[in-house]
Amino acid sequence: MSYGLIMADVRRGLFDERNLDLVGFCNVLNIDPWLILPKGAYNVREAYFKRIIQVEMGEEEFINPLNAVITVKKVIEKFGDPFALIFSASSSGMEIAPYVAGYLKSPIITDVSGYQKESGTLLKSLYSDKVFASLKIKGEGFFVITVRSGSFRHEAREIEENTIYEKLEGLTRDERRRFLGYIEEEKQEVDITKADFLLSIGRGVGTKDEIPLYEELASLLGATISGSRPVIDKKWLPKSRQVGTSGKTVKPKVYLAMGISGAFQHVSGMKDSECIIAVNKDPEAPIFQYAHYGIIADMHKIRDRLIQILREK
Amino acid sequence: MNILVFLKRVASSQEEELKILGEGEAVDLSRLPFKLNDWDNYALEEAIRAVEKEGGHVIAISLGAKESDDVLRRAIAMGAGEGILILGEEALFDPRLRAIVASRFIKKEGFNFDAIFTGVQAEDDQFGTFGGYLAGILELPYVSMVVAIEEWGKGYVLVRRELEGGLMEKVKVSLPSVLSIQTGINEPRYVSVMGIRRASQIERKIYESSLYMEGVISSIEVLKWSYPPKKEGAKILPYDIDGACRELLQILKERGVCQ
Ligand SMILES: Cc1cc2nc3c(=O)[nH]c(=O)nc-3n(C[C@H](O)[C@H](O)[C@H](O)COP(=O)(O)OP(=O)(O)OC[C@H]3O[C@@H](n4cnc5c(N)ncnc54)[C@H](O)[C@@H]3O)c2cc1C
Ligand SMILES: Nc1ncnc2c1ncn2[C@@H]1O[C@H](COP(=O)(O)O)[C@@H](O)[C@H]1O
């Protein structure tokens, strides 16, 4: 049976849950999941993999895209072409996958979140999740994909046979890119992950001048203020208030999202909130698919009326 | 220091309805406003800052239909020294094909550069692949999701790249290299309509994309466009503002977060 070559999504000694989406993807396509992994003690769920290839490289070297090319080429040289090269759509996979694909001139599709068996098509979102495309890969040879976190995890199955272990040694290193260290975010006085009630504002807020009135609303409601990336990028709110993959993951009792469209990178940071309420003027905004309650209106009008009611109390 | 910056003209879709035509044949973009891809605006600003500090110049390059000239004029108004359009009426939707065309263009026209900047992703197709793919073909070092450029050294650059959850990593890469730039790295300068008009006087070069397409065809095909898979969806509160607000406050009370 042909194999799917999974490049492990690892960071600081952790084997991320996202790897299970990659296994699930292989299972759905009915190909053997093979894993390549750097040196180190990772809590790999070994029974999911037909073959585990441990590479003679430390983690930081391994996830360097320049070295990933060297590793992948070696695996292919030794074992023959895979059916597909599979990565997470994470900060690592988003960097390594296109680089390896470009080096090998392979077809690539990123952020895949579904597979349709009958037509053999891959599903991918576009325009911040407002539309999806069913895509088919043409031509011969293997392709490269990145898989959206959470989309195939439930399909992951353990295999019946024993896992085969291999070691890959004697690899060169590409010294043109070097890891120098991690930088943690500076500690801030407010921790939005601890708040019960978040009032989160997005690009729909329009201008900086509107922010103080949302701060007033938050204080009248007893909510903590947070935001989507564009609001933080413009420095209208501090970085520590950002919700999403590159910000914080939050699970408050209530998440009130105003003027946020519901792009995946935002949603993955707040979708497990107990109650999500979205205010957006676009009835088709993807956020309404995740929200429990929705208000289709101009967020400023909602804000002004709420402030008025709360002041009267 | 010479920097090539790739700029894409995209449909501004965040606040617009996206209609799918027929049985999923296409997305109707005919009534949407177009603009410079948000990520690319940051990439362009970062490139201009680099040459302002280190000397050299910025060349803005766009692949697309003739309307993409808009983003080149804007780039020149912002401070780019040159604008180049690789003209292709057919949208190069396939990331592989697009990067091959760009790489052949760069090689054939013999550009001398220290760095290539792209955005992390295009707002429309969201592949997030162009910079990486191009770097792979050109066999140049690559760093994605760059959120700070700390130092341009002799033959290298020190950058910070963004990871998950607020974590960053510090990376040293040798030049020339390809960097994909993340939003928020800077505050892009303002360009006036007057500035863009003035920029029109500087000639933009046009090259035909077909010159760089020999022997390659698209490796992906769109079989169908569709609306997002529907989940449970939200319960929509009344449309009148007052009614919606009162119900909202009631929900907050039930949830115990607000009196
Ligand atoms: C690697 C990477 C990491 C990322 N990490 C994050 C992250 O951690 N967090 C994050 O949030 N994003 C992140 N993003 C960005 C993400 O892809 C989206 O671009 C972003 O979430 C969009 O933010 P938004 O919803 O506020 O803006 P938009 O998508 O522009 O949406 C604005 C919304 O406001 C609505 N609106 C406008 N005016 C009004 C009004 N007056 N009243 C009511 N509604 C109105 C519009 O209908 C629209 O739905 C990341 C992207 C990448 C590539
Ligand atoms: N047609 C294009 N013309 C110029 N630059 C592009 C084009 N397509 C992609 N890019 C660049 O590549 C980045 C990533 O795009 P994508 O891989 O399509 O998500 C963009 O931010 C641009 O910098």
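How many salt bridges does a search of the whole structure find over all chains? The search finds 50 of them, where a salt bridge is a side-chain nitrogen of Lys or Arg within 4 Å of a carboxyl oxygen of Asp or Glu. This is a predicted model, in which local features need pLDDT of at least 70 and side-chain atom pairs count only at pLDDT 80 or more, while totals for chains, interfaces and linings use all residues. Residues are numbered from 1 along each chain as its sequence is written, chains are lettered from A and ligands numbered from 1 in the order in which they are written, and side-chain values use heavy atoms, with hydrogens and water left out.

**View 1. A salt bridge inside chain A.** D282(A) pairs with K130(A) in a salt bridge, and their closest N and O atoms are 3.1 Å apart. The two partners belong to distant parts of the chain, 152 residues apart. Look for D282(A) in the loop between strand 16 (275-280) and helix 8 (287-290), and for K130(A) in the loop between strand 8 (121-126) and strand 9 (131-137). Helices (H or I, at least four residues) and strands (E, at least two) are DSSP runs, numbered from the N terminus.

**View 2. The surroundings of ligand 1.** Here 31 residues surround ligand 1, and the closest are S228(A), V243(A), S246(A), S261(A) and Q265(A); a residue counts as near if one of its heavy atoms lies within 4 Å. Because residues from both chain A and chain B surround ligand 1, the site is shared between chains. By class, this shell holds 9 nonpolar, 16 polar and 6 charged residues. In this sorting, Ala, Val, Leu, Ile, Met, Phe, Trp, Tyr, Cys and Pro are nonpolar, Asp, Glu, Lys and Arg are charged, and the others, Gly among them, are polar.

**View 3. Polar atoms beside ligand 1.** Zoom in on Q242(A), where a polar side-chain atom lies 2.8 Å from an oxygen atom of ligand 1. G259(A) has a polar backbone atom 3.1 Å from an oxygen atom of ligand 1. At M299(A), a backbone N or O atom is 2.8 Å from a nitrogen atom of ligand 1. On its own, ligand 1 has 990 Å² of accessible area, and the protein covers 96% of it (Shrake-Rupley method, 1.4 Å probe; for residues, only the protein chains shown count as cover). Helix 6 (229-233) and helix 7 (264-267) of chain A are the elements that give two or more residues to the shell around ligand 1.

**View 4. Where chain A meets chain B.** The contact (heavy atoms within 4.5 Å) takes 83 residues from chain A and 90 residues from chain B. Between them the two chains bury about 8000 Å², 59% of it on carbon and sulfur atoms; buried area is the accessible area (1.4 Å probe) that two parts lose on being put together, summed over both. Y127(A), I183(A) and Q289(A) supply 10% of the area that chain A buries against chain B, more than any other three residues. There are 8 salt bridges between chain A and chain B. One to find is K239(A) with E162(B), whose closest N and O atoms are 4.0 Å apart.

**View 5. The surroundings of ligand 2.** Of the 19 residues around ligand 2, F6(B), D40(B), R98(B), G128(B) and T129(B) come nearest. A polar backbone atom of F6(B) is 2.7 Å from an oxygen atom of ligand 2. For A122(B), a backbone N or O atom lies 2.8 Å from an oxygen atom of ligand 2, and for T129(B) a backbone N or O atom lies 2.8 Å from an oxygen atom of this ligand. Taken alone, ligand 2 exposes 480 Å², and the protein buries 98% of that. Strand 6 of chain B gives the most to this shell, with 3 residues.

**View 6. Two backbone details.** Most residues other than glycine have a negative phi, and most peptide bonds are trans. L175(B) and P176(B) are joined by a cis peptide bond, with omega about -5 degrees. P176(B) sits in the loop between strand 11 (168-174) and strand 12 (177-181) of chain B. K105(A), a residue other than glycine, has a positive phi near 55 degrees. You will find K105(A) in the loop between helix 4 (93-104) and strand 7 (108-116) of chain A.

Definitions and conventions. Polar contact = N/O pair within 3.5 Å; in protein donor to acceptor, adjacent residues only side chain to side chain.
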